[in-house]
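Let's take a friendly walk through a protein model, stopping at a few residues along the way. Have the structure open as you read.

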Amino acid sequence: MTDLNQKTTIRILTTGGTIEKSYCESDGTLKNRASIIRDGLISSLRLPYTHLELESVLNKDSLEMDDSDRDQICTAIARTAEKGDPIVILHGTDTMSVTADYCHAKMGTPKVPVVFTGAMKPMGFIDSDARQNVTEALLAARLVQPGFYIAFHNRVFPIPGARKNLEAGTFEAV
């Protein structure tokens, strides 16, 4: 008999970015430190039919990333995709589309859905869009065909074909 309520595993690769920034009271800085995603966000979501596996690939602001960092992300995606589960990439918004386009150009269509997302404000801020974007990316990863995507503010964009619109404070199709 088929289990109608089978659990799906989704693998989350973290790379840093605004979504993972945290405030340090002792020095008054907002920086990427150790991932706060597991304790701050993942543990608060109600996902009874989803098993999440987290792996930290990088811990950088996306404006500091270069192609060697993007190669590292591609390697992590390729290795993780071999497990056959959808992947969500948490990434800084400033260069998210650059990295997604880079991975698409280097890897072609992956074996599984790979959905990039992030946040305009850090997860710890009361008006952060992190929870919304991560939840939407997790759902999108379960529903879309294998390929690269950006999920952001209730939209899913195939890659290539998306960019950050600084004026609107979100992503848009191109």
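Our first stop is F152, which is buried, with a relative accessible area of 1%. Keep in mind that this is a predicted model. F171 counts as buried too, at 2% relative accessibility. Buried here means under 20% relative accessible area, so the values of F152 and F171 both qualify.

How do these residues relate to one another? The structure holds one aromatic pair. F152 and F171 form that pair, and its geometry is edge-to-face, with 4.8 Å from centre to centre and 65° between the planes. F152 belongs to strand β7 (residues 147-152) and F171 to strand β10 (residues 170-173), so the pair ties together parts that are 19 residues apart in sequence.

Next, find T80 in helix α2. T80 is buried, with a relative accessible area of 2%. Its side chain reaches the backbone oxygen of A76 at 2.7 Å. Leaving out residues up to four places away in sequence, T80 touches R11, L13, E55 and I87.

Our last stop is M65, in the loop between β4 (50-60) and α2 (67-81). Is M65 buried or exposed? With a relative accessible area of 7%, M65 is buried, because that value falls under the 20% cut-off. If we again set aside residues up to four places away in sequence, M65 touches T15, L58, K60, R70, I73, H91 and T99. Look at T99 in particular: M65 and T99 are 34 residues apart in sequence, and their C-alpha atoms are 9.0 Å apart in space.

Terms used. Residues are numbered from 1 along each chain as its sequence is written. This is a predicted model: local features need pLDDT of at least 70, side-chain atom pairs count only at pLDDT 80 or more; totals for chains, interfaces and linings use all residues. Side-chain values use heavy atoms; hydrogens and water are left out. Helices (H or I, at least four residues) and strands (E, at least two) are DSSP runs, numbered from the N terminus. Buried means under 20% relative accessible area, exposed over 50%, partly exposed in between (1.4 Å probe, protein chains only). Contact means heavy atoms within 4.5 Å. Rings of Phe, Tyr and Trp (its six-membered ring) pair if their centres lie within 6.5 Å; planes under 30 degrees apart count as stacked, over 60 as edge-to-face and the rest as tilted. A polar contact is a pair of N or O atoms within 3.5 Å; within protein, one must be able to donate a hydrogen and the other to accept it, and residues adjacent in sequence count only if both atoms are side-chain atoms.
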